[in-house]
Amino acid sequence: MPSKLDRDYALELDRADPLGSYRQRFHVPQHEGKDEIYLCGNSLGLQPRSTEQHVREELEDWQRLGVKGHFAGRRPWMPYHEQFAERTARVVGARPVEVVNMNSLTVNLHLMMTSFYRPAGKRRKLLIERGSFPSDRYAVEAQVRLHGLDPDDCLIELTARSGDPFIPTEEIEALLATDGDEIALVMLPGVQYYSGQAFDLRRIAAAAHKAGCKVGFDLAHAVGNLPLQLHDSGADFAVWCNYKYMNSGPGAVAGCFVHERHAKAFDLPRLAGWWGHDKSSRFRMGHEFVPMEGAEGWQLSNPPVLGLAPLLASLEIFDDAGMPALREKSLKLTGYLEHLLKERLAEHIDILTTADPAQRGCQLSLRLHKGRDAARQVFDELEAAGVTGDWREPDVIRVAPVPLYNSYMDVFRFVEILEGLVVE
Ligand SMILES: Cc1ncc(COP(=O)(O)O)c(C=O)c1O
């Protein structure tokens, strides 16, 4: 076996990779006639080759059948979203009744907070992290204001005592034990978009519930990246987008989980629409809203078939590969990236993401010692050399080797190019 730092070692790992052939199921963008080194699945996943056909089939059914496509299409549009439930449930470790794909992430977050952020009496606060994704922050502040409350009084912003981006679970548990009786809702990420930290959903949900709070997670960076056990985590709800690791295209229809214990909680306040109405009587067109059981009961509108078709293409691939195998490769691939960075670039780069593989997904967030402007220049030069990562202000380069379509050689070449740019 060649040394771990050699190109031949990467080739060897690729040869032995049981998921190596999955790359062929995706369109890899080209740079000067060669595959780009695409390390940006944490932002927008690549397009499966089967997506086009899935979308085309729906367009054809619409051409052929017009309105009759609702019942007579290859995949009838009326129950179109139902075929996603079992597949989605497998990816996130849920029961089919607990999941639905609808709207977009921030919309789903609002729908969930309408039901699960119910400030009352002393319990009025919302726990988020200080570095939360801006859209989440706007959404929670808006919800606080909708209740006639002031975000300055009602938001608790979690930070690590150390001041580091990494927030230890024990500190979240300690905060919930002391301040939990004032908190109505805990809303944290599955994987933090900036630091790449994976949170322990089960422990956080248990601590939140012990303190009497509701708990929901934004899983934008976790779904399709980590094997989740959402049902067992006990979370009340979760929301995610499907355009990152779920490879369903820009602005793809998003996902939503509502724990089974709320499946028949018909008295929960919710925003209603006809697709959330019990389907057996939906078309009687009555005035009284009778919600469906489970997550589907939070749907508002009939499913956007053309928007959902790419998700089906992607879920078929996830079913073939399976989350356990993907995670196994992901651990190796990101571990390999970390190893090369530490061995070859330790004097020039800090890895912000935790070194504990159990507390991260595939992403590593890098900070160059050179300072912000030089780092930005390196990022631009990486792009010019055919490497796609992403830049997060003020000075972080995020790279995410995705086990479905990235190779060990992608990782090797990335580090080689980066080394050429940062080492004088
Ligand atoms: C962590 C996180 N939350 C929320 C969003 C917003 O998603 P959307 O525009 O789909 O509502 C994103 C988008 O990238 C995200 O990364």
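A: Let us begin with residue classes: Ala, Val, Leu, Ile, Met, Phe, Trp, Tyr, Cys and Pro count as nonpolar, Asp, Glu, Lys and Arg as charged, and the others, Gly among them, as polar. By these classes, the shell around the ligand holds four nonpolar, two polar and three charged residues. The model is predicted, with local features needing pLDDT of at least 70 and side-chain atom pairs pLDDT 80 or more, while totals for chains, interfaces and linings use all residues. Residues are numbered from 1 along each chain as its sequence is written, and side-chain values use heavy atoms, leaving out hydrogens and water.

Q: Which residues surround the ligand?

A: A residue is near a molecule if one of its heavy atoms lies within 4 Å of it. Here the ligand is surrounded by Leu105, Thr106, Phe133, Asp136, Asp218, Ala220, His221, Tyr243 and Lys244.

Q: How far from an oxygen atom of the ligand is a polar side-chain atom of Thr106?

A: The distance is 2.5 Å for Thr106, while for Tyr243 a polar side-chain atom lies 2.7 Å from a ligand oxygen, and for His221 a side-chain N or O atom is 3.0 Å from one.

Q: Is Phe84 buried or exposed?

A: Buried means under 20% relative accessible area, exposed over 50%, and partly exposed in between, using a 1.4 Å probe and protein chains only. Phe84 counts as buried because its relative accessibility is 1%.

Q: What does Phe84 touch?

A: Contact means heavy atoms within 4.5 Å. Not counting residues up to four places away in sequence, Phe84 touches Asn101, Leu308, Leu311, Leu312 and Leu315; Phe84 and Leu311 are 227 residues apart in sequence, yet 8.3 Å apart in space, C-alpha to C-alpha.

Methods: A polar contact is a pair of N or O atoms within 3.5 Å; within protein, one must be able to donate a hydrogen and the other to accept it, and residues adjacent in sequence count only if both atoms are side-chain atoms.
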